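Visitor: I'm new to this one. Can you walk me through it?

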Amino acid sequence: MRADVAGLLAPAAGARKTRTWRRFKRHGLALSGLCVIVLLIAIAILAPRLAMHDPTVQDLGHILSAPSVRHPMGTDDLGRDVLSRVLLGARVSLAVAFSAVAILIFVGTVVGVIAGYYRSLDGWLMRVVDVLMSVPNVFLILVVVGLLGPGLWTSMGVIGLTAWMGTARLVRGQFLSLRDREFVEAARAIGAGGRRIIWSYLMPNTRSLITVQATLYISYAVITESLLSYLGLGTQPPTPSWGNILSSGRSFMREAWWMTVFPGCAIFVTVLAFNFFGDGLRDVLDPRGQTS
């Protein structure tokens, strides 16, 4: 009987995925965002091979050189190749962003699941969330970084552990709307326990919301990591990240515009791509919009 049911559900799931992909392909901005994201990830992976020069080697004979064939994005105040630093900065910035989002999605989902399914824990968990959300996020981040000290790993942890509250509220709201539905009551009637109901019935109906939330949070993580590095509280030199490249160029904006324009454009394009992709996913995965 179970094999027959699985055989009937598999084609339906396959057809659903096909319809979803067809809807996504019709969303031009989302598709373009996905293409840019794939390109950025490839650049981050291949950055050491793509870099024309060692991003940490100083060439004092070519300080603040304008963009040229040898240095397509010019050099900085220490003669380092800006293009190579931007390419390596993509690896650092995206690694921090993806790691931070993984942390915040995990923590937020766990808290949201517990609060949304177990009524006895809902009240005090949400009060903790309310208190944390009442503290300005930038202030909270700066306090934690001040206590732990700046660095790459600190950036990953602090961004993830100070931004999970929105995910917790989203997952909790979805669980509250689903936990008393007919299919959940039917699962309880046949003897399914809480753990099975959560993972087999409720989480599959929440997964798309979490996916969209994670995609949109990557933009936030990229900006926050860049801000921390710009302020000297994130990735520390000589390791390049888009934020500390911008920081090193702020004193030379008139005579060496390329030191700020190119890393700034990298941040702008990355954030825009993830926003387009996330908005497209939200439109495609919205059950109310799936009519084709």
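Guide: Let's begin with one residue. Arg49 sits in helix α2, residues 28–50. Helices here are DSSP runs of H or I with at least four residues, strands are runs of E with at least two, and both are numbered from the N terminus.

Visitor: Is Arg49 buried or exposed?

Guide: Arg49 counts as exposed, because its relative accessibility is 75%. The cut-offs are under 20% relative accessible area for buried, over 50% for exposed, and partly exposed in between, with a 1.4 Å probe and protein chains only.

Visitor: How far apart are Arg49 and Ser99 in space?

Guide: They are 23 Å apart, C-alpha to C-alpha. In sequence, 50 residues separate Arg49 and Ser99.

Visitor: Where does this model come from, and how is it numbered?

Guide: It is a predicted model: local features need pLDDT of at least 70, side-chain atom pairs count only at pLDDT 80 or more, and totals for chains, interfaces and linings use all residues. Residues are numbered from 1 along each chain as its sequence is written, and side-chain values use heavy atoms, with hydrogens and water left out.

Visitor: Big picture, then. How many helices and strands does the protein have?

Guide: The protein has 12 helices and 0 strands. Its C-alpha atoms fill a box of roughly 80 × 45 × 30 Å along the principal axes. Of its 292 residues, 42% count as buried.

Visitor: Tell me about the core. Which residues have the most contacts inside it?

Guide: Val101, Phe175 and Val222 do, in the largest nonpolar core, which has 70 residues. Helix α3, residues 82–117, gives the most to this core, with 18 residues. Such a core is a set of buried Ala, Val, Leu, Ile, Met, Phe, Trp, Tyr and Cys residues joined through side-chain atoms within 4.5 Å.

Visitor: What does Val101 touch?

Guide: Leaving out neighbours within four places in sequence, Val101 is in contact with Ala214, Tyr217, Ile218 and Ala221.

Visitor: How do α3 and α10 cross?

Guide: Their axes come within 8 Å and cross at roughly 135°. That makes α3 oblique to α10. The axes are lines fitted to C-alpha atoms, for helices over the stretch in contact, and angles run from 0 to 180 degrees between N-to-C directions. Under 35 degrees is roughly parallel, over 145 roughly antiparallel, 65 to 115 roughly perpendicular, and the rest oblique.

Visitor: Who makes that contact?

Guide: From α3, the residues include Phe98, Val101 and Leu104. From α10, they include Ala214, Tyr217 and Val222. By class, the contact of α3 with α10 has 13 nonpolar, 3 polar and 1 charged residues. Ala, Val, Leu, Ile, Met, Phe, Trp, Tyr, Cys and Pro count as nonpolar, Asp, Glu, Lys and Arg as charged, and the others, Gly among them, as polar.

Visitor: And α6? Where does that one sit relative to α10?

Guide: The axes of α6, residues 152–161, and α10, residues 207–230, come within 10 Å and cross at roughly 130°. That makes α6 oblique to α10. Ser155, Val158 and Ile159 of α6 meet Tyr220, Ala221, Thr224, Glu225 and Leu228 of α10.

Visitor: Why is α6 called largely enclosed?

Guide: Because 7 of the 10 residues of α6 are buried. Among them are Thr154, Met156 and Gly160. The buried residues of α6 pack against α3, α5 (137–148) and α10.

Visitor: Switching to the loops. What is the peptide bond from Pro237 to Pro238 like?

Guide: That bond is cis, with omega near 10°. Pro238 lies in the loop between α10 and α11.

Visitor: What about Leu64's phi?

Guide: Leu64 has a positive phi of about 55°, although it is not a glycine. Leu64 is in the loop between α2 and α3. At 23% relative accessibility, Leu64 counts as partly exposed.

Visitor: One last residue. Where is Arg254?

Guide: Arg254 lies in the loop between α11 (242–249) and α12 (258–285). Arg254 counts as exposed, at 84% relative accessibility.

Note on methods: Contact = heavy atoms within 4.5 Å.
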